[in-house]
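This report goes through one protein chain, from the overall fold to single side chains. The sequence and the structure come first.

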Amino acid sequence: MKALMWKVDRRIVPFVAMLYLCSYLDRVNIGNAKIAGLMEDIDITEKEYGLALSIFFVSYVIFEVPSNLVLKWLGPRLWISIIMVVWGIIMAAVSGVIFYLSVWYTRKEIAFRIALFYGSASLAGAFGGILAWAISHMEGLQNLNGWQWIFIIEAIPTVVFGILTYFVLPDFPESTKFLNEREREIILMRNKRDAGITSDVHFSWSQVRSTFLDWKVYVYASIFLTSCIPVYGLSMFMPSIVKGMGYESVTAQAMSSPPYVLAFIWCLVNSYDADRRGERGFHMMVSGTFSVIGYILIIALSSVSDVGKYIGVVIATIGAFGLVAAMMSWFSNNFSGHTRRGVAIALITTIGNTSGAISGQVYQASDEPLYIKGHSISLALIATCVIITGFMKFMLTRINKKRDNMTPEEYRIASEGTELGENHPGFRFIT
């Protein structure tokens, strides 16, 4: 079994992680381009820059749910390849990949794999700063500015890996050709056993409708939204935040990298332990608390110590990224059936990814160079996220206990109906 899962891991996880690294690199490079002269060369204001960041994320809201439905019909290999190349809706791939991983791994295996996938975003932040520092020295080459070369060079891997996706990434377990028949049967049996009596793979419009009406979707979306606004704020404004501590533009780009490297390590450690213990909420709250402490340090030391502020930025980044990595596995764990899970993941990420549009307005020109208002908003949001996470853990634990204590008659009545998904009394939520 370990040999089989290692075979699956080698084929899937590094590749989807590289896809996400490329896509995230394409987003964070605008923060590096900003301090490399973008605004001066195209003559835009801070307000217009923030508006441009917000507009970028509109495609998230439009394409997430349709994207996951198309993924189900066309298959991951073809659809993810298409949307990685068609950059305008590139981030529709994110929810698709989360859903894709959820059909390959059991609920107690997926957190670490998603951490490797999502953690690549923090590596993109690290590499983005270092690459931008190096690329900015190409200023004037071919009569192009340094910030233009940042966009050109960092876009190339996205197109290359997008094309490779069609040839490398396997489809769903039941149809993939890189496994033999017995290996496919083992994967499918593991997933069916993990889902229990609630597993189904057929498409159903009634499941689509019931998912849109499910309260869990909107609680998870609230967690996603309140956690990702700080993450996107840090990602897109990190060079500006560090520059505000008194460092030159090029130095600020380089110093933006260490927080992301440490965040990647914490993502893996936190998610590995979450898988090992079969738990999500507490691990998210611990990581969120780290981020709260980091933002408090940034605000409290804003006029006292640049070193202290930088340490605060590191802690805030570690906590925020670690929280989101665990969160992505949590909501994929707790919806049963391909249709419900696919639609739920897409809907949650659709709502949650409006955070990208909002985050573009959090750090404003009037708040430079200390960004006290921006950090305060991020602090309040992360604290709110921790509270909502605690509420969700309490509710799911309560439902599990209620199902554990059902009488045979209560269980029979609750089991009536079709396409119940995780609402079947035999299903137990990961809390």
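A salt bridge is counted here when a side-chain nitrogen of Lys or Arg lies within 4 Å of a carboxyl oxygen of Asp or Glu. The model is predicted. By that cut-off, Lys-309 and Asp-306 form a salt bridge, with N and O 3.8 Å apart. Both residues belong to helix H14 and are 3 residues apart, which is about one turn of the helix. An α-helix has 3.6 residues a turn, so residues three or four places apart point the same way.

## Overall make-up

The chain contains 18 helices and 0 strands. It has 431 residues, of which 58% count as buried. Its accessible surface is about 17200 Å², and carbon and sulfur atoms account for 68% of that area.

Contacts between residues at least 6 apart in sequence were also examined: 82% of them join residues at least 24 apart.

## Other salt bridges

The whole structure holds 15 salt bridges. Side chains of opposite charge can pair when their charged atoms come close. One of the bridges joins Asp-9 and Arg-113, at 2.7 Å from N to O. Asp-9 is in helix H1 (residues 2–42) and Arg-113 is in helix H6 (residues 110–135), so this pair ties together parts that are 104 residues apart in sequence. Both Asp-9 and Arg-113 are buried.

Another bridge links Arg-412 and Glu-416, whose closest N and O atoms are 3.0 Å apart. Arg-412 is partly exposed because its relative accessible area is 43%. Glu-416, with a relative accessible area of 48%, is also partly exposed. Elsewhere, salt bridges with shared partners join Asp-214, Lys-216, Arg-340 and Glu-422 into one network.

## Helix H13 and its packing

Helix H13 covers residues 281–300, which is 20 residues. The distance from its first C-alpha to its last is 28 Å, close to the 28 Å expected at 1.5 Å a residue.

Which helices do the buried residues of H13 pack against? They pack against helix H10 (215–243), helix H12 (257–277), helix H14 (306–333) and helix H17 (372–404). The buried residues of H13 include Gly-281, Gly-288 and Gly-294. Also among them are His-283, Met-284, Ser-287, Ser-291, Val-292, Tyr-295 and Ile-298.

Trp-73, Leu-74, Leu-78, Val-159, Ile-163, Tyr-166, Phe-167 and Trp-205 make a nonpolar surface patch of about 820 Å². Helix H3 (58–74) and helix H7 (146–168) are the elements that give two or more residues to this patch. H7 supplies the largest share, 4 residues. Val-159, one of the patch residues, is found in H7. Val-159 has a relative accessibility of 40% and so counts as partly exposed.

Trp-149 also lies in H7. In contrast to Val-159, which is partly exposed, Trp-149 is buried, with a relative accessible area of 13%. Leaving aside residues up to four places away in sequence, Trp-149 touches Ile-135, Met-138, Leu-141, Gln-142, Leu-144 and Glu-154. The side chain of Trp-149 reaches the backbone oxygen of Leu-141 at 3.0 Å. Trp-149 and Ala-132 are 17 residues apart in sequence, with their C-alpha atoms 8.9 Å apart.

## Helix H18 and Glu-410

Glu-410 is located in helix H18, which spans residues 408–414. Its relative accessible area is 43%, so Glu-410 is partly exposed.

What does the side chain of Glu-410 reach? At 2.9 Å, it reaches the backbone nitrogen of Thr-407. Glu-410 and Pro-425 are 15 residues apart in sequence, and the distance between their C-alpha atoms is 9.2 Å.

Key: Residues numbered from 1 in each chain as written. Predicted model: local features only at pLDDT ≥ 70, side-chain atom pairs only at ≥ 80, totals over all residues. Heavy atoms only, no water. Patch = residues over 30% accessible without salt bridge, like charges linked within 9 Å, V, L, I, M, F, W, Y side chains within 5 Å. Areas by Shrake-Rupley, 256 points an atom, 1.4 Å probe, with all protein chains shown as cover. Buried < 20%, exposed > 50% of the residue type's maximum accessible area, 1.4 Å probe, protein only. Contact = heavy atoms within 4.5 Å. Polar contact = N/O pair within 3.5 Å; in protein donor to acceptor, adjacent residues only side chain to side chain. Expected span 1.5 Å × (residues − 1).
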